[in-house]
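Please read these notes with the model open beside you.

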Amino acid sequence: MEKYLSQLNEAQLAPTIQKDGPMIVIAGAGSGKTRVLTYRIAYLMSQGVDSFNILALTFTNKAAKEMKGRIADIVGDGEAKNLWMGTFHSVFAKILRFEGHHLGFPSNFTIYDTQDSQKLLGSIIKEMGLDKDIYKTKQVYNRISSYKNNLVTVKAYLKNSELKEADIAARRPRMGEIYQNYVDRCFKAGAMDFDDLLLRTNELLTRFPNVLAQYQNKFRYILVDEYQDTNHSQYLIVRALSDRFQNICVVGDDAQSIYAFRGANINNILNFQKDYDDVNVYRLEQNYRSTKNIVGAANSVIEHNKTKLDKIVWTANTEGEKVKVNRLMTDGDEGRFVASSIFENKMQHQLPNSDFAVLYRTNSQSRAIEDALRKRDVPYRIYGGLSFYQRKEIKDVTAYLRLILNPADEEALKRVINYPARGIGQTTVDRLVVAANGFGRTIFEVLQNIDKIDININNGTKNKLKDFVTLIDSFQVMNQTANAFELTEHVTKSTGLIREVNKEGTPEGQVRLDNVEELLNAIKDFVEGQIELADAGDSLAEFLEDVALATDLDADKGNPDHVALMTIHMAKGLEFSYVYIVGMEEDLFPSAMSMNTRSELEEERRLFYVALTRAEKQAYLTYTLSRYRWGKLIDAEPSRFIEEIDDQFVEVLTPINEPRQNPMLSADIFGDIEPSQIRFKKPIKRKKEAKPAKFVAPKNLKPVSKSSNTNDNTNLFDDKLAVGNFVEHARFGKGEVLKIEGKGPDVKAEINFEVGGVKKLLLRFAKLDVL
Ligand code: ATP
Ligand code: MG
């Protein structure tokens, strides 16, 4: 252990070896917070703390896995295995398997993923006869998710006039009923959604003091990484569990809080000292990750936030290159620049692809980057698309498995009752749902009693339904003796599913078939791993739990040496030698949706801080003069965040083939030329007025905004826009102006948009067309 402790600096050592009591480590990016947590766990074990008594909560399962691996290096494999480590969701799903029965859930409850939840909400909205254009499933889902994360149960909702009024204002007066129906249906299906995993854990710990005492006693040492991004529900769980022994260590950086939009509460970090007695507060100041230029740039950006804890971050690392800013004509050019630059750096410095990451604000930006990387044969992987386990063919197989374990699982049943096709139509399914709701039973129970009940289904179809029940029954019998792999293989063959996925014999079909095979391999690995652990127990249930909570960041498939493409949100906690942050444009980053209030804008700035601080050696920022968004070519302006970086840390790259002066050259400016062949002008001193000249769009392309190139929309709207006007916003679509308030640069308008309902926009930033 001594050897390992010597790998920490003094400031890091102190929290690592404070064995007992509450403590918080607040420190900037790259200062070793995660390293402290890791070493601290190893240290506790070296001091005789039983690994069963340690709980570590991380932001991704991948982070937990890496941490466990590192700890195993220090203390040995055997001991590290017993640590409880993972995301909030995965850890508490496990606890709910043991304890869910207190709340009326079976131990084999299903976890509904976002897709399942939204499907269920979709059918509830339909059954209630509501307008699906007003009650949009996604919005309804988000709304319910936010109630749950704030511990607003249905009962609490019905008593909360503020929430109800907000829903009425958004023209959704029946949210309460939907919420109630949704909760009832999940309960009846023996299913929990993602938010339930936290909400129900809270319910468990509050309503059952014995259970709470048992877990307080078990988790005597609790550690939480990325504490700044915990939501209220997570906060309460940590509080309750640590209340008895108060051996709680949280680490975080208020400047990296980027999930407020999903309910994360930065106050959790700010108030930690008030929540426990005698808290030791540790600060780490030395950044080990990045060069001086990157650390300097990041510090100068975050300075612009008003709400922040004062922190110092410095580094003893080399000066390094300045942060390079490049302006491109279009997103295609941007993609080509990034691909060429990666290629060039790779060759010049002999680096693997995995040293590079391209980060963006929204997933849709990946396409242009992908195209360019593909043309250059640079292997890449996009993180954040559909997880492997969410692909249709995989969900079809796992739906059978879910149904075998938990026949009450409504979404699984609906998915496979007629897949592969067995002549059971949608009308029949609808009638089954109505009957199940009427009897207060599950659909499977209705099926089991189909001959005894009065239901408008003909005998032919009834026989098919009975065959389906027999099929599932037979799988359940097999599950008593066979392992998960044998069972799954049997299911895919005997249902005809394996034939179905590739019945057309197309390349796409082949990919689906390969995926199913990959799933079988994964189950095999899982089963073998379990035998090794002498814990074959309920292998199928555990496997399905992993599947439900897997994100594609967890699954390291394919060529491991690839360039990583991901949103900045996904990149939290990670590090790469070279980082390209693309789309540095107003309305994109900061996002148009996040400029209504200072706090939203500050969250965007923190996001930029996170992005910059992922880079070890070099950061590139790119922006374009025009970009296709929502199917239209629009003018773009450089992000204010570029301006906010202190000049001394920045170098502006402007190709000698000035795109503005010679548009003919710009289209393929980096297409066939290596960047090394391009000479760069001397760094341009950036001044406010040195903004790029107005991009003139070709005649046939009409920019969306009338005012996008003038910085000041104020005058335009100050006197022209009026209540009752109809306007169009690139993102929210058409809307009616309900109210105008404020003066000069603070003029705000309340607009009821067709997408997203009523919004208050600062007109200075909102790009609106008056219709
Ligand atoms: P973030 O805020 O981005 O999550 P962090 O504070 O968790 O960052 P770490 O990821 O723990 O920082 O550390 C950043 C990098 O610095 C890692 O590569 C880590 O191994 C390295 N590092 C941390 N402390 C030391 C040290 N004392 N000596 C050498 N390297 C260190
Ligand atoms: Mg970290």
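**Notes on the predicted model**

1. Start with one pair of residues. Lys-324 stands opposite Tyr-620 in E16. The pairing behind this is between strand E11 (residues 323-328) and strand E16 (residues 615-624). The two strands run parallel and are joined by 5 bridges. Please keep in mind that this is a predicted model.

2. Now widen the view to the sheet around that pair. E11 and E16 belong to an open sheet of 7 strands. Its order is E13-E14-E12-E15-E16-E11-E19, and the pairing is parallel. Strand E13 (380-382) and strand E19 (650-653) are the edge strands, and each pairs on one side only. On average, neighbouring strands of this sheet are turned by 20° against each other, direction ignored.

3. Step back to the whole chain. The protein has 771 residues, and 43% of them count as buried. It contains 32 helices and 24 strands. Consider contacts between residues at least 6 apart in sequence: 75% of these join residues at least 24 apart.

4. One annotated region deserves a look. An unreviewed UniProt entry lists residues 6-291 as "domain: UvrD-like helicase ATP-binding". Over residues 6-291 the chain is 53% helix and 12% strand. The end C-alpha atoms of this stretch are 23 Å apart.

5. Turn to another open sheet. It has 6 strands in the order E3-E2-E6-E7-E1-E8, again with parallel pairing. Strand E3 (84-86) and strand E8 (280-284) stand at the edges. Each has a single partner strand, so one side of each is left without a neighbour in the sheet. Neighbouring strands here are turned by 10° against each other on average, direction ignored.

6. Which strands does E7 pair with? One partner is strand E1 (residues 23-27), which runs parallel to E7 and is joined to it by 4 bridges. Within that pairing, Met-23 stands opposite Cys-249 in E7. The other is strand E6 (residues 221-224), paired with E7 in the parallel sense over 3 bridges. There, Ile-222 stands opposite Ile-248 in E7.

7. Strand E2 (residues 54-57) pairs with E6 in the parallel sense over 4 bridges. Ala-56 stands opposite Leu-223 in E6. Helix H14 packs on the sheet, where it touches E6 and E7. The direction of H14 makes about 160° with that of E6. Together, E6, helix H14 (residues 232-242) and E7 make a right-handed β-α-β unit. Helix H2 (residues 10-17) lies across E1, E7 and E8, and runs at about 150° to E8.

8. Next, the nonpolar cores. In soluble globular proteins, nonpolar side chains tend to be buried together. The largest nonpolar core here has 118 residues. Ile-41, Ala-56 and Ile-222 touch the most other members of it. Not counting residues up to four places away in sequence, Ile-222 touches Leu-55, Val-238, Leu-241, Ser-242, Asn-247 and Ile-248. A second, separate core has 64 residues, including Leu-359, Ile-581, Tyr-609 and Ala-636.

9. Helix H17 (residues 292-302) is mostly covered, with 9 of its 11 residues buried. Among the buried ones are Asn-293, Ile-294, Val-295 and Gly-296. Asn-299, Val-301 and Ile-302 are also buried.

10. Why does Phe-475 count as buried? The cut-off is 20 or more other C-beta atoms within 10 Å. Phe-475 has 21 within that distance, so it is buried. Phe-475 lies in helix H24 (residues 459-481). Leaving aside its neighbours within four places in sequence, Phe-475 is in contact with Ile-404, Leu-487 and Val-491. Arg-35 is 440 residues away from Phe-475 along the chain, and their C-alpha atoms are separated by 46 Å.

Notes: Residues numbered from 1 in each chain as written. Chains lettered and ligands numbered in written order. Predicted model: local features only at pLDDT ≥ 70, side-chain atom pairs only at ≥ 80, totals over all residues. UniProt positions renumbered as here; feature names shortened; annotations may be inferred. Pairing = 2+ DSSP bridges. Right-handed = clockwise from strand over helix to strand, strands pointing away. Core = buried A, V, L, I, M, F, W, Y, C linked by C-beta atoms within 7 Å. Buried ≥ 20, exposed ≤ 12 C-beta atoms within 10 Å, placed from the backbone. Contact = placed C-beta atoms within 7 Å. Axes fitted to C-alpha atoms, helices over the stretch in contact; angles between N-to-C directions.
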